Amino acid sequence: MFQVDVSRLSPFSPFSGSKKNSLPNNFDLLSRSFDDALIRRLKALNPPSLTLSWLSLAFDFLTTSHAEVRSLISNLKPSASDDSLACFLDDSVKILDVCNSIFSEIERLRQRRLLINFVIHLLDFSGDGPAPEKLRKARDSLAGWGNSPRGFTKRRFEKDVDVLIRDIALGLGGAPQGKISSVERLIHRTVYAVGAMTVFFAGAVAFSLYGHRDLVTVQIPTEFAWADSFTELQTTISEKKKGSKIEEINGVETRVRTVCEAIDDVARGDEENDKQEERLKDAVKELETATKTFSAGLDGLQNGVNGMFQTVLGARNEILDSYRVGGNGGKPKKQQTK
């Protein structure tokens, strides 16, 4: 398992708990409020499950967290030279790329869903039952279910998302250099928190869809109030992920195999053909039910990823606008952004 250790921080880190670097009361209140909100939302995600519906909730969680950072940056108006803004901009490009990669895999799954719906249409028992020709066509279509095209495109996206998640994780340990203001310190804390959440939860979604066995985990410094809640959830999800598939996808795959076996039995035309046809009819019904659950989960995940994409893109555009106008009245620091 890939882990990022960020427990060793410089004296100028926004995570330092020394009195010398303590935040004024109003900023301390903002920080505690943000941390408390994270804890509540983390608890709402517990217990986790390897389902499309839970993965959708994970992205909703990330969207809300990124929206809070966007609001905080907008309200506090930190200097455009704040290093945390440059870090946020750099990570935002990677997050958008991760979202696009997940969109690609969702689209591939949507195509597989269309294939299943076509098969269900062929295996219509409303009349005298499907003709032999339709049985053969359905069987041939299902034979390609487990081998739907992935090829170079799938491998490329899989490799890209793995690199992107790990790059964001490795950047979490960066600490600001020199004396920083209370505003900058608060921004650093929140940007770090959302970055850590993004690494794990976006990684959990992407790696689950692509079938990765290992997740990228983050070791959170103990001075964060939400550290224990995050670590507990992180450990539970990592354990559930080992050797498991997403439940809705596994449910459809299991019933596809059952339908294939039932079609083969009917095609043999033995003396118990009536029983075999009844078994096929029941198997098709179960496949249809599983496909509806799969479809609902997939649509929910797509909506969640789209919400995350739009929120991060909006935050990125706002920060770039502040760079263009000088950022809080000051001269903007030139940054290389994608």
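**Helix geometry and packing in the predicted model**

Helix α8 (residues 247-268) has 22 residues, which at 1.5 Å a residue should span 32 Å, and its end C-alpha atoms are 32 Å apart, in agreement. The expected span is 1.5 Å times one less than the number of residues in the helix. Helices (H or I, at least four residues) and strands (E, at least two) are DSSP runs, numbered from the N terminus. The structure is a predicted model, in which local features need pLDDT of at least 70 and side-chain atom pairs count only at pLDDT 80 or more, whereas totals for chains, interfaces and linings use all residues. Residues are numbered from 1 along each chain as its sequence is written, and side-chain values use heavy atoms, with hydrogens and water left out.

An α-helix has 3.6 residues a turn, so residues three or four places apart point the same way. Just after α8, Gly269 adopts a positive phi of about 60°.

The protein chain contains nine helices and two strands, in the sequence order β-α-α-α-α-α-α-β-α-α-α. Of its 338 residues, 49% count as buried. Among contacts (heavy atoms within 4.5 Å) between residues at least 6 apart in sequence, 83% join residues at least 24 apart.

Two helix pairs were examined, with axes taken as lines fitted to C-alpha atoms over the stretch in contact and angles running from 0 to 180 degrees between N-to-C directions. Helix α2 (residues 52-76) and helix α3 (residues 83-122) cross at roughly 155°, and their axes come within 14 Å. The two helices are therefore roughly antiparallel (over 145 degrees). Their crossing is left-handed, that is, the near helix is turned anticlockwise from the far one by less than a right angle. Phe59, His66, Val69 and Ile73 of α2 meet Leu85, Phe88, Ile95, Cys99 and Ile102 of α3. These residues comprise eight nonpolar, one polar and no charged, where Ala, Val, Leu, Ile, Met, Phe, Trp, Tyr, Cys and Pro count as nonpolar, Asp, Glu, Lys and Arg as charged, and the others, Gly among them, as polar.

Helix α6 (residues 182-210) and helix α7 (residues 227-241) pack at about 15°, with axes 12 Å apart, and are therefore roughly parallel (under 35 degrees). The crossing of α6 and α7 is also left-handed. The contact joins Ala196, Met197, Phe200, Phe201, Phe207 and Ser208 in α6 to Phe230, Leu233, Gln234, Ile237, Ser238 and Lys241 in α7. Its residues divide into eight nonpolar, three polar and one charged.

Technical notes:
Angles under 35 degrees count as roughly parallel, over 145 as roughly antiparallel, 65 to 115 as roughly perpendicular and the rest as oblique. Buried means under 20% relative accessible area, exposed over 50%, partly exposed in between (1.4 Å probe, protein chains only).
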